[in-house]
Amino acid sequence: MTHTARRMFELLEPICLVTYLADECNEELAALGHRTYWDGYFASRAAPLGRVPARVVHAAFYSFAEGEAARHIPSAWETIPPEASVAARERGSAASVRRILGDELADSPGLVRAADLTTKAATNAPTEGRVMYAGMRTLPVPSDPVARLWHSATMLREHRCDGHVAALVGARIGGTEAHLLDALAQGIHPPETFGRVHHLPKERLAAVMDGLRERGLVDTDGRFTEAGREAKQRIEALTDELAAPPYEALSPAELDELAAELEPITATLVAAGSQ
C-alpha cells in the first residue's frame with residue numbers, strides 16, 4: 001500500500017495543482033474581494049476549519065514561516081464568509097480542470113469512474129490526527145464529476161499533508177527547514193533561492209541553514225550530507241506509509257482501474273503544467 005500511496009500521489013497531484021497554478025481559482029477568489037493571491041489561498045484553504053485564529057492555521061499548515069498566516073487570517077474573513085471562499089475555490093478549480101481536459105475527456109465515462117473511485121478512497125480514511133483532512137471531510141462532496149474528482153483528490157492531498165507534517169514533527173524538522181531540504185532534493189542550490197522561502201529575511205534563512213549544518217544534515221557548501229539525504233528519504237517513506245489508509249477502501253481491481261482511468265487525465269494536466 002505504500003507503493004500505491006506514492007503512485008496515487010503522482011496521479012492525483014496534477015489535479016490538485018490547478019488550484020494554485022491556473023487562473024480560474026484566483027479569479028474567483030479575487031471576484032469575492034480577496035485583495036491578493038495569498039489572501040485567497042489562506043482564506044479558502046483554512047475555511048473548512050472554521051473561523052479559527054491565525055495560530056491554529058499556522059499550526060495546521062505547518063510549512064509557513066512565523067507570522068505569515070497572521071498577515072491574512074482572520075482579516076481575509078472579515079468581509080468574506082469562509083463558506084464563500086470554499087465555494088469559489090471549488091468553482092475555479094473545477095473550471096480549470098475542465099478547460100485543460102477539454103469536454104471530450106471531462107465528460108468521459110472514464111473520468112466519472114475515476115471521480116467515483118477517488119471519492120470512495122477519500123471518504124473512507126480515519127480522521128484522527130488529520131486536522132486539514134478532517135476539515136475537508138465536513139464539506140459536501142460535489143455532484144458534478146469534474147468537481148467531485150478535484151474535491152476528492154484535494155481531500156486525499158490534505159490527508160497526505162497531515163501525515164507529512166506528522167513525519168516532519170517526528171524528525172524534528174520545522175517548516176522552513178522542510179522547504180530547504182525539499183529544495184536540495186529538487187537539485188536547487190543554494191536552497192535559500194527556492195521560491196517558497198526566498199522572500200524570507202536573509203538572516204532568518206542563514207540561521208535555519210546553520211541549524212541544519214549543526215545537525216549534520218547539510219555541509220559547509222549548503223548541500224546534503226549523507227545523513228541529510230537519508231533523513232529526507234525516511235521522511236518521504238513515512239509520508240507514503242501514512243498516506244496509505246484511504247486506499248485500503250479499494251480492492252486491488254479497483255486500484256488498478258483507478259490508475260488506468262487517471263493516467264490520461266493526469267497526462268493531459270501534466271502536459272499543460274496544470275495551468
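Me: Among contacts between residues at least 6 apart in sequence, what percentage join residues at least 24 apart?
Reply: This is a predicted model. Take the contacts in the protein chain between residues at least 6 apart in sequence. The share that joins residues at least 24 apart is 74%.

Me: What percentage of the residues count as buried?
Reply: Buried means under 20% relative accessible area. The protein chain has 275 residues. The buried share is 51%.

Me: Which residues touch the most other members of the largest nonpolar core?
Reply: In soluble globular proteins, nonpolar side chains tend to be buried together. Here the largest nonpolar core has 43 residues. The residues touching the most other members are Met-8, Ile-15, Leu-262 and Ile-265.

Me: Leaving aside neighbours within four places in sequence, which residues are in contact with Met-8?
Reply: Met-8 belongs to the largest nonpolar core. Set aside its neighbours within four places in sequence. The contacts are then Tyr-247, Leu-255, Leu-258, Ala-259 and Leu-262.

Me: At what angle do the axes of α1 and α8 cross?
Reply: Two packed helices are described by the angle between their axes and the distance between the axes. The axes of α1 and α8 come within 9 Å. The crossing is left-handed. The angle is roughly 115 degrees.

Me: How do the residues of the contact of α1 with α8 divide into nonpolar, polar and charged?
Reply: On the α1 side, Phe-9, Leu-12 and Ile-15 are among the residues that meet α8. The α8 side includes Leu-149, Trp-150 and Arg-157. The division is 12 nonpolar, 2 polar and 4 charged.

Me: Is Asp-240 buried or exposed?
Reply: Asp-240 lies in helix α11. Leaving aside neighbours within four places in sequence, Asp-240 is in contact with Thr-2, Ala-5, Arg-6 and Arg-160. Its relative accessibility is 8%, so Asp-240 counts as buried.

Terms used:
Residues are numbered from 1 along each chain as its sequence is written. This is a predicted model: local features need pLDDT of at least 70, side-chain atom pairs count only at pLDDT 80 or more; totals for chains, interfaces and linings use all residues. Side-chain values use heavy atoms; hydrogens and water are left out. A nonpolar core is a set of buried Ala, Val, Leu, Ile, Met, Phe, Trp, Tyr and Cys residues joined through side-chain atoms within 4.5 Å. Buried means under 20% relative accessible area, exposed over 50%, partly exposed in between (1.4 Å probe, protein chains only). Contact means heavy atoms within 4.5 Å. Axes are lines fitted to C-alpha atoms, for helices over the stretch in contact, and angles run from 0 to 180 degrees between N-to-C directions. Helices (H or I, at least four residues) and strands (E, at least two) are DSSP runs, numbered from the N terminus. A crossing is left-handed if the near helix is turned anticlockwise from the far one by less than a right angle, and right-handed if clockwise. Ala, Val, Leu, Ile, Met, Phe, Trp, Tyr, Cys and Pro count as nonpolar, Asp, Glu, Lys and Arg as charged, and the others, Gly among them, as polar.
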